[in-house]
Amino acid sequence: MLDRKFILENVDAVKLNCRNRNVVADVDRFVELELLRREKQREVEACNQEANAVSKSIGKCATPEEREAKKEEGRLVREKLAALQQVVRETEAELDRIQRSIPNMAHPDCPIGKDDGSNTVVCYGKTPKPQWSEGFKPLDHVELGEKFDLIDFESGARVAGAGFYFLKNEAVLLELALEQFAINKLVKKGFTPTITPDLAKNSVLQGTGYIPRGNETQIYSIENTDLSLIATAEITLGGVLANETIDADRLPLKLCGVSHCFRTEAGAAGRASRGLYRVHQFSKVEMFVFCRPEESEAFHQELLAIEREIFDDLEVPYQVVDTATGDLGGPAYRKYDIEAWMPGRDAYGEVTSTSNCTDYQARRLNARFKVKGEKGTQYLHTLNGTAVAISRALLSVLELGQREDGTIVMPEALRPYLPFERIVPKN
RNA sequence: GGAGAGGUGGCAGAGUGGUCGAAUGCGCGGGUUUGCUAAACCCGUGAGCUCGUAAGGGCUCCGCAGGUUCGAAUCCUGUCCUCUCCGCCA
């Protein structure tokens, strides 16, 4: 969420930002309600003061008659108070709904636009696109998965429905290798590794900006509970400091988390989402940073640099995209995506995403820090970034590793974690 | 799953209806003493919101949400979490 005071003081900028981000939010109504709320709140406090004074005076009453009279007075004041509070509560509820719908402000350098065309490619990876000879037609990962007995979509569908799959044989080792490779790298870079819960409370989902229920939700919720399956470990890692105030000397807090990710992918289908590209469940290693406000832009660059290093190491050609305002979603102040070259699609496809959410998530989560010796607390800044989303990384590695001799070569960087250097046809 | 105990300030831990935003100890900050350090002593020390130029005032917060009452940290209900014992289990 944005700060209420900030919205009041920057109405035009907030409205423009909503337009740029393709988000509908009733900012005018918000301002109207917030001003009303403040006024009513002041009345409530004055009334409370009165009620408190009456209650206190009762203890000192000399006679029972006096006491009864004061009690009656107290009753009347409290009745008035209850009515006022009701108004505040109703105003607060609507205010909160609107406040949640207002997106974060965008970085001034963020490209402005609503369509894919506005996203700006800022750089490319080290690895060139693969050059196969004229007659060789590379297979996509679905075909490779079948040929080498690596991915079983049929059994996945039989067991859990479309969009689920079994990884098999070398693909399993490859998933584990990708995880270990990523985690080891992150540990060296000062991240604390974690394995997070795969479920989280709905309040934590909301705190990080995910909406657990509703028509368009990406989230699976668990019936008769307050829990949902997480769509990313960003949710659980962000929740780590929910309702906490931590000492500034513990900052920055750099965490990475391995989790499964679950997405309903409601309404998403088509050739572009064939195979592993868009699935209901996958594993992911996610990075998450809590830091001081003045550090967040630098950490955003650091997260991007780590992602690039990972995909350079994996010998995956890619481009980095500076996401335009219309594609940022709610919490991000700025977002970079890495899009890997996927021969099967003959196109780039998103494999990572890193966002600087500034204090937007932290305010919802109520995650703050305190500097020793200084008065007051401040909201933290939060950042997240994909280290490796296994399904898409695995897809890329398989498609890019295929050779004309009919084998799939593993990237050098994964060799320490794999008992094979290449995948060869069975039988 | 069954039975019990408990959740209070940075920590430990008092507090069972008004004088409690909360004793005391530790920690932390400042000071006195001291050649320096330590010890001892003294003073101070939660957060959010809000009014005020300031001094200073007001409201809220004792896991969370409700309820009773003129008044709740204290009584009641629900809920979450922690601990102990039993059962079960990877």
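Predicted model: local features only at pLDDT ≥ 70, side-chain atom pairs only at ≥ 80, totals over all residues.
Which residue just after α2 takes a positive phi? Residues are numbered from 1 along each chain as its sequence is written, while chains are lettered from A and ligands numbered from 1 in the order in which they are written. The residue in question is Asn 22, with a phi of about 65 degrees. Helices (H or I, at least four residues) and strands (E, at least two) are DSSP runs, numbered from the N terminus.

Helix α2 itself spans residues 11–20, and its buried residues are Val 14, Asn 17 and Asn 20. These three cover an arc of only 120 degrees around the axis, which puts them on the same side of α2; the arc is that of the directions from the helix axis to the C-beta atoms. A residue is buried if 20 or more other C-beta atoms lie within 10 Å of its own, exposed if 12 or fewer, and partly exposed in between, with C-beta atoms placed from the backbone. The buried residues of α2 pack against α1 (4–9) and α3 (27–58), a contact meaning that two C-beta atoms, placed from the backbone, lie within 7 Å.

Two further asparagines have a positive phi. Asn 169, in the loop between β3 (166–167) and α7, has a phi of about 50 degrees although it is not a glycine. With 15 other C-beta atoms within 10 Å, Asn 169 is partly exposed. Asn 243 lies in the loop between α9 (233–239) and β7, and its phi is near 60 degrees. Asn 243 is exposed, having 11 other C-beta atoms within 10 Å.

Another backbone feature is the cis peptide bond that joins Leu 251 and Pro 252, with omega about -5 degrees. Pro 252 is placed in the loop between β7 (245–247) and β8 (253–262).

Asp 322 counts as partly exposed because it has 19 C-beta neighbours inside 10 Å. Although Asp 322 and Thr 120 are 202 residues apart in sequence, their C-alpha atoms are 5.1 Å apart in space. Leaving aside residues up to four places away in sequence, Asp 322 touches Cys 110, Pro 111, Asn 119, Thr 120, Val 122 and Tyr 336.
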